[in-house]
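This briefing covers a structure made of protein chains. Please read the points below alongside the sequence and the model.

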There are 2 protein chains.
Amino acid sequence: MRKEVRSPMGIVVTDISTSLDGYITGPHDRPDQPLGEDGTVLHEWIFKDPATFPRLMADLRASTGAILMGRRSYELAGGWGDEPPFHLPIFVVTHRTHDRVEKRGGTTFTFVTDGIESALRQARAVAGDRNIAVHGGSATRQLLRAGLLDELRLNVVPVLLAAGNRLFEEGELRRVDLELISANPTPDVTHLHYRILR
Amino acid sequence: MRKEVRSPMGIVVTDISTSLDGYITGPHDRPDQPLGEDGTVLHEWIFKDPATFPRLMADLRASTGAILMGRRSYELAGGWGDEPPFHLPIFVVTHRTHDRVEKRGGTTFTFVTDGIESALRQARAVAGDRNIAVHGGSATRQLLRAGLLDELRLNVVPVLLAAGNRLFEEGELRRVDLELISANPTPDVTHLHYRILR
């Protein structure tokens with residue numbers, strides 16, 4: 001991926017699993033079922049082969065210097081336990097102040113109350129020339145709207161969920177043109193990587 | 001495609017262009033702009049190379065015995081002029097009766113007022129062992145809901161339209177599992193073919 005970086009700055013990337021009909025969770029997502037009803041089908045490709053999740057986490061740590069997410073993503077995941085798998089600084093965009101949280105293994109949560117652009121600036125300051133990984137629909141849409149997202153990597157699972165939370169909620173964006181960087185179809189998931197054109 | 005037919009009956013197939021965020025038209029679709037504002041971007045891949053549209057029509061006529069669509073698809077397209085490119089019998093599912101329409105070149109429009117299953121039966125009667133091609137979101141969703149769609153072929157254009165008509169409107173379906181048959185990525189469009197599992 002590093003050869004695609006066009007500047008000394010890392011790129012801002014959303015890498016997310018979605019149903020073919022655009023849902024990133026099933027309905028009724030809450031901390032005890034963060035992906036909602038039926039939503040675990042979206043992550044089966046990550047856990048089917050025990051080597052996949054460790055490989056994804058290793059790839060993330062090799063390429064990425066910080067993570068950006070919305071408050072809901074943080075709350076749904078319950079803070080990922082005592083030692084989250086990321087080992088990275090995480091910036092949580094929220095309206096409510098919250099003390100910084102330090103977990104074992106180097107994962108920290110910093111709560112940013114003055115908007116997505118401030119959160120991205122803070123993430124860039126610690127990430128240096130490494131990428132910023134964006135989690136969840138809300139942070140992705142805010143960055144797209146602000147023209148600050150560089151890549152969209154969709155892991156499209158062959159299911160229609162028909163209900164839940166969509167990555168692209170109606171009415172939040174304007175037209176955005178993309179360029180396909182790569183496509184990797186497998187029986188369990190099709191990886192489609194796009195560059196955002198501006 | 002014929003090798004995928006598992007029975008003497010043809011399969012029921014929706015082959016449709018969509019934005020990456022799931023829109024099959026932009027906003028404000030009407031007869032003078034049937035794809036809505038910004039929606040023509042969804043069909044640019046068909047007309048960029050002058051050989052593509054004739055090839056698609058030849059493939060359609062070689063594999064397909066009838067077309068099924070909703071009333072809105074018929075009205076938006078204005079009946080496709082005096083000699084529509086399909087040269088096939090078309091069955092239009094509608095609540096309002098309408099006299100049968102015969103166009104030059106063998107395209108006929110038969111208006112069916114007693115539901116999608118009746119329209120499919122009538123289409124099968126004329127199609128024999130050839131496929132039924134489904135046009136538009138409404139007919140596709142009705143067939144999916146009735147468990148009568150066999151394949152979904154999405155032509156995914158690298159754009160977020162952010163508004164318009166979605167192929168998968170919220171709340172009309174339940175979960176449907178799919179199987180990826182083939183994926184063909186190109187710079188202009190990524191073709192994803194799925195079998196509907198039942």
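Buried means under 20% relative accessible area, exposed over 50%, and partly exposed in between (1.4 Å probe, protein chains only). This is a predicted model, in which local features need pLDDT of at least 70, side-chain atom pairs count only at pLDDT 80 or more, and totals for chains, interfaces and linings use all residues. Residues are numbered from 1 along each chain as its sequence is written, chains are lettered from A in the order in which they are written, and side-chain values use heavy atoms, with hydrogens and water left out.

**Salt bridges**

- A salt bridge is a side-chain nitrogen of Lys or Arg within 4 Å of a carboxyl oxygen of Asp or Glu, and the whole structure has 26 of them over all chains.
- A:Arg96 pairs with A:Glu75, with the closest N and O atoms 3.6 Å apart.
- Helices (H or I, at least four residues) and strands (E, at least two) are DSSP runs, numbered from the N terminus.
- A:Arg96 is partly exposed at 47% relative accessibility, and A:Glu75 is partly exposed at 34%.
- A:Arg55 forms a salt bridge with A:Asp59 at 3.8 Å between the closest N and O atoms; the two are 4 residues apart in helix 2 (residues 52-63) of chain A, about one helical turn.
- A network of salt bridges links A:Asp38, B:Arg175 and B:Asp177.

- A:Asp21 sits in the loop between strand 1 (12-19) and strand 2 (23-25) of chain A.
- A:Asp21 is buried but has no salt bridge, and the nearest side chain of opposite charge, A:Arg166, is 6.0 Å away.
- Lys and Arg count as positive and Asp and Glu as negative, while His and the chain ends are not counted.
- A polar atom of the A:Asp21 side chain lies 2.8 Å from the backbone nitrogen of A:Ala162.
- Beyond four places in sequence, the contacts (heavy atoms within 4.5 Å) of A:Asp21 include A:Val159, A:Arg166 and B:Phe168.

**The two copies**

Notes. A polar contact is a pair of N or O atoms within 3.5 Å; within protein, one must be able to donate a hydrogen and the other to accept it, and residues adjacent in sequence count only if both atoms are side-chain atoms.
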